[in-house]
Amino acid sequence: MAGRMAVGSAALTDLVRPASAPDPAGAHRTLPVLPELIGLLPNRGLRRGSTVAVGTGQPVRSGGTSLLLALLAEASRAGSWCAVVGVPTLGMGAAAELGIALDRLALVPNPGPEWATVVAALIDGVDVVVVAVPGSISASVTSRLAARARQRGSVLVPYGQWAGADVTLQVIGGAWEGLGQGRGRLRRREVTVSARGRGAAARPKEIKVWMPGDEATRTVKPAGGSRTPGSPTTGSETGGRRTALTLVAR
C-alpha cells in the first residue's frame with residue numbers, strides 16, 4: 001500500500017520508534033533538503049524542533065503541494081519518517097517520483113475535529129509532520145504544537161497560514177512554457193519561491209525553480225548566459241544563477 005493509513009493516536013504509536021529513542025543515523029540536528037532549497041532555510045536544512053510552514057497561495061492550486069513534497073524528499077531518502085495529516089488528495093505517484101519512501105510515510109487523510117491531538121501524537125514519534133491547517137486556528141493551539149515539536153525534536157510543517165513559524169515558504173508567481181503559436185502542450189512552469197520568517201530567517205529570500213520538468217535537475221542562468229542542456233545540478237548555485245528543480249505541479 002502506498003503509505004500507511006492511520007487514524008487516532010492509538011494506531012500511531014506502533015508506526016515508528018519514540019522520538020526519545022536512540023537515533024541510528026546519529027541524531028543529527030538538521031535533516032537534509034534538496035540542494036535547490038538549501039538557500040531558503042537558515043540552517044541549510046530542516047532543523048529539528050523548528051516549524052517550517054508552506055503557504056498555499058492564491059489560488060490554492062499554485063504549486064504548494066509540489067513544494068511540500070520537495071521539502072520532504074531528501075529527508076525521506078536519508079531514512080527519516082514523515083507523516084501527512086489532512087491532505088486526502090496527496091498524490092502518492094508524485095511523492096514516489098520525488099524519492100519519498102512510501103514505506104516510511106504515514107497518512108492521516110481525514111483526522112476529524114481532533115486533528116491537533118493526532119498531530120501531537122505524531123510529533124512524539126515522527127521526524128517530519130505535515131499538517132494541513134484547517135482554516136483559522138487559535139494561537140494557543142499553534143503555540144502548543146510548536147512547543148511540542150521543539151521538545152521532541154520533530155520538524156512541524158504546517159500547510160497553510162501559520163502564525164509564528166520559523167520560516168514560511170510559498171510559491172509567489174510563475175509562468176508556463178510549452179505552447180507555441182497556438183499549438184503544443186504545457187511542459188513546465190518556472191515559479192518563484194519565497195522564504196520569510198524570524199530570527200536567522202528574517203531577511204526575505206527568493207529562488208526560481210522549474211516544475212514540472214524533464215527528469216534531470218538543471219541550472220538555468222539569467223538572460224545572456226549559457227546553459228548546457230542536460231547538465232545536472234550538483235548543489236545550490238550562486239552568482240545570480242537560477243536553480244531548476246523537477247517537481248510535479250499540483
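1. Let's start with helix α5, residues 139-152: its 14 residues reach 20 Å from first C-alpha to last, close to the 20 Å expected at 1.5 Å a residue. Bear in mind that this is a predicted model.

2. Now for which α5 residues are tucked away. V141, T142, L145, A146 and A149 come out as buried. They sit on the same side of α5, because they cover an arc of only 125° around the axis.

3. As for the buried residues of α5, their cover includes α4 (115-123) and β8 (155-159).

4. On to the packing. The largest nonpolar core has 43 residues, and L46, L71 and L169 are the ones with the most contacts inside it. Helix α2 (residues 64-77) gives the most to this core, contributing 8 residues. In general, nonpolar side chains of soluble globular proteins tend to be buried together.

5. Leaving aside residues up to four places away in sequence, L71 touches V33, L37, L41, L46, V52, V54, V157 and L169.

6. There is another core too, lying apart from the largest one: this one has 23 residues, including A106, A116, V118 and V131.

Key. Residues numbered from 1 in each chain as written. Predicted model: local features only at pLDDT ≥ 70, side-chain atom pairs only at ≥ 80, totals over all residues. Heavy atoms only, no water. Core = buried A, V, L, I, M, F, W, Y, C linked by side-chain atoms within 4.5 Å. Buried < 20%, exposed > 50% of the residue type's maximum accessible area, 1.4 Å probe, protein only. Helix = DSSP H or I, 4+ residues; strand = E, 2+ residues; numbered from the N terminus. Contact = heavy atoms within 4.5 Å. Expected span 1.5 Å × (residues − 1). Arc of directions from axis to C-beta.
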